[in-house]
Amino acid sequence: MIDLSSTDRTLLADSLRKACVENGFFYLRNHGIEEELIQRVFEGSRRFFGLSLEEKMKLLRKNHRGYSPLYSEMLNSNDNPKGDPKESIYFGAPEDISPYGNLNQWPPHEVLPCWRSTMEEYYKTILCVGKRVVSLMAVALNVDEDFFEKVGAFDPPAALLRPLRYPIAGEIDSSDKHMHGAGAHTDCGMITILVTDGVPGLQVCRDKLQKPQIWEDVHHLKGAFIVNIGDMMERWTNCLFKSTLHRVTQPTQERYSVAMLFDPSPDCVVECLKSCCNESSPPRFPPVRAADYLKENYKVTYGDQ
């Protein structure tokens, strides 16, 4: 448990390092985001996903923004050979802080009033929280706290906000009843900050190389976010910080969550930190441009879409 209200930054960084080395997952509390805003986000999500498929398909995903329908994403072909039985919608940075122009796709105001303003408010707020967490990680890695800012990880902001819905078994093909809500995977960015509606389903495997894999439930803690390490942070730290395997089981009731995927800026180069390698432990990965790494991962997840 990482408590952002702590005034002891050294102790906080030490606790964060321990969590990232041992688990790759941790809870984040006292993050400063009001519960009222979070509930508005969930209420908007329920209304969006409650729209007709025809209405949602008008916002079909392009440029990594927009609606992703059931089975359009395959995170693990062994778990879900026809794709994941979940739906989601992606948003990037609001126009007033994005250099990419108007890429986000929004339902018309008359169809879903206030949702755009709510999502943009949440994006900006959770972006600030993520930057605080990443600066703490820098301290925990014995580099300057603004290291990731200086290498351009957030300039411009490339994080994606992703509300998700996992339908109950009765809404999907009966042959899919043994499928996972989301197949086992690691996230490809720096970190992910997740908030859920409390419905169980998220599981984590602490050692992705262990056979057989051991899965543990990630329990809901009211008021706390769930944070996990992504592949790029694992590459930066030479596998010191773990990119942890996780999945969502098939829920017994409708399940909603909202993930903020902190991807580095496209031109940011991810390469092993000097504090994470030496002669006996040389870098395990070559430097890679963030956009190139993400492009390859998108090909695996979405095929030719």
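Four bridges join strand β8 to strand β11 (residues 245-248), and the two run antiparallel. Two strands pair if DSSP finds at least two bridges between them. Within this pairing, V204 stands opposite H246 of β11, and C205 stands opposite L245.

Before I continue, a word on the source: this is a predicted model, in which local features need pLDDT of at least 70 and side-chain atom pairs count only at pLDDT 80 or more, while totals for chains, interfaces and linings use all residues. Residues are numbered from 1 along each chain as its sequence is written, and side-chain values use heavy atoms, with hydrogens and water left out.

On its other pairing, β8 is joined to strand β9 (residues 216-217) by two bridges, again antiparallel. There V204 stands opposite E216. These strands belong to an open sheet of four, ordered β6-β11-β8-β9, with antiparallel pairing. Its edge strands are β6 (182-185) and β9, each of which pairs on one side only.

Are the residues of β8 buried or exposed? Strand β8 (residues 202-205) is covered on both faces: L202 and V204 on one side, and Q203 and C205 on the other, are all buried. Buried means under 20% relative accessible area, exposed means over 50%, and partly exposed lies in between, with a 1.4 Å probe and protein chains only.

I turn now to the other sheet. It is open, has eight strands in the order β1-β2-β10-β7-β12-β5-β4-β3, and shows mixed pairing. Strands β1 (2-3) and β3 (66-68) stand at its edges with a single partner strand each, so one side of each has no neighbour in the sheet. Helix α2 (residues 35-49) packs on this sheet and touches β3, β4 (87-90), β5 (160-166), β7, β10 and β12 (255-262). Contact means heavy atoms within 4.5 Å. The direction of α2 makes about 110° with that of β12. Axes are lines fitted to C-alpha atoms, for helices over the stretch in contact, and angles run from 0 to 180 degrees between N-to-C directions.

Inside the sheet, β7 (residues 191-196) and β10 (residues 225-229) run antiparallel and are joined by four bridges. The bridge partner of T192 in β10 is N228.

Helix α4 (residues 115-140) lies across β2 (25-29), β4, β5, β7, β10 and β12, and runs at about 130° to β7. How does α4 meet helix α1? The axes of α1 (residues 9-22) and α4 come within 8 Å and cross at roughly 90°. The two helices are therefore roughly perpendicular to each other; by definition, angles of 65 to 115 degrees count as roughly perpendicular, those under 35 as roughly parallel, those over 145 as roughly antiparallel, and the rest as oblique. On the α1 side the contact is made by R9, L12, A13, L16, R17 and C20, and on the α4 side by V133, S135, L136, M137, V139 and A140. These residues divide into nine nonpolar, one polar and two charged. Here Ala, Val, Leu, Ile, Met, Phe, Trp, Tyr, Cys and Pro count as nonpolar, Asp, Glu, Lys and Arg as charged, and the others, Gly among them, as polar.

Leaving aside neighbours within four places in sequence, F26 is in contact with I2, L16, A19, C20, V133, M137, F225, I226 and V227.

I close with the backbone. Most residues other than glycine have a negative phi, and most peptide bonds are trans. A cis peptide bond joins D155 and P156, with omega about 5°, and P156 is found in the loop between α5 and β5. Another cis bond joins K211 and P212, with omega about -5°; P212 is in the loop between β8 and β9. Y71, in the loop between β3 and β4, has a positive phi near 70° and is partly exposed at 22% relative accessible area. C114, in the loop between β4 and α4, has a positive phi of about 75° and counts as partly exposed at 46%.
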